[in-house]
Amino acid sequence: LFPDKGWVIEQLKHLYSPNKIVAVGDGHNDIPMLEKADVSIAYSGTHFANSQLQSIADHCIDDEEKLCTFLIQQL
């Protein structure tokens, strides 16, 4: 379907020119997406986020309520 999740972020930026793309991920396959997003979040709510993901993320959040609050602030 598509090369990786980073490619999807590039396509969104190209097609829609959004002000900001916020990406939330918890696994290794989310790394390309977080690298391309304007704001990246490693989320450890359901299980511990990959350490490599945490090292490249702008923010690390481990609680659903904190994640929701943060996302609302990004609007």
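Predicted model: local features only at pLDDT ≥ 70, side-chain atom pairs only at ≥ 80, totals over all residues.
I placed Gln74 next: the residue belongs to helix H4, which spans residues 64–74. Leaving out residues up to four places away in sequence, I found Gln74 touching Lys20, Val22 and Val39. With Lys20, the side chain of Gln74 makes a polar contact of 3.0 Å. For Val39 I looked up the separation: 35 residues in sequence, and 9.0 Å between the C-alpha atoms of Gln74 and Val39.

H4 lies across S1, S2 and S3, and I noted an angle of about 175° between H4 and S2.

The sheet came next. I recorded an open sheet of three strands, ordered S1-S2-S3, with parallel pairing. The edge strands are S1 (22–25) and S3 (59–61), each of which pairs on one side only. From one strand to the next the twist averages 25°. I checked the pairing of S1 with S2 (residues 39–43) and found four bridges in the parallel sense. Ala23 is the residue opposite Ser40 in S2.

Last, I went to the loop that leads from helix H1 (5–16) to S1, where Ser17 lies. I noted a phi near 45° for Ser17, a positive value in a residue that is not glycine. Is Ser17 buried or exposed? The relative accessibility of Ser17 is 55%, so I put the residue down as exposed; the cut-off for exposed is over 50%.

Key: Residues numbered from 1 in each chain as written. Heavy atoms only, no water. Pairing = 2+ DSSP bridges. Helix = DSSP H or I, 4+ residues; strand = E, 2+ residues; numbered from the N terminus. Axes fitted to C-alpha atoms, helices over the stretch in contact; angles between N-to-C directions. Contact = heavy atoms within 4.5 Å. Buried < 20%, exposed > 50% of the residue type's maximum accessible area, 1.4 Å probe, protein only. Polar contact = N/O pair within 3.5 Å; in protein donor to acceptor, adjacent residues only side chain to side chain.
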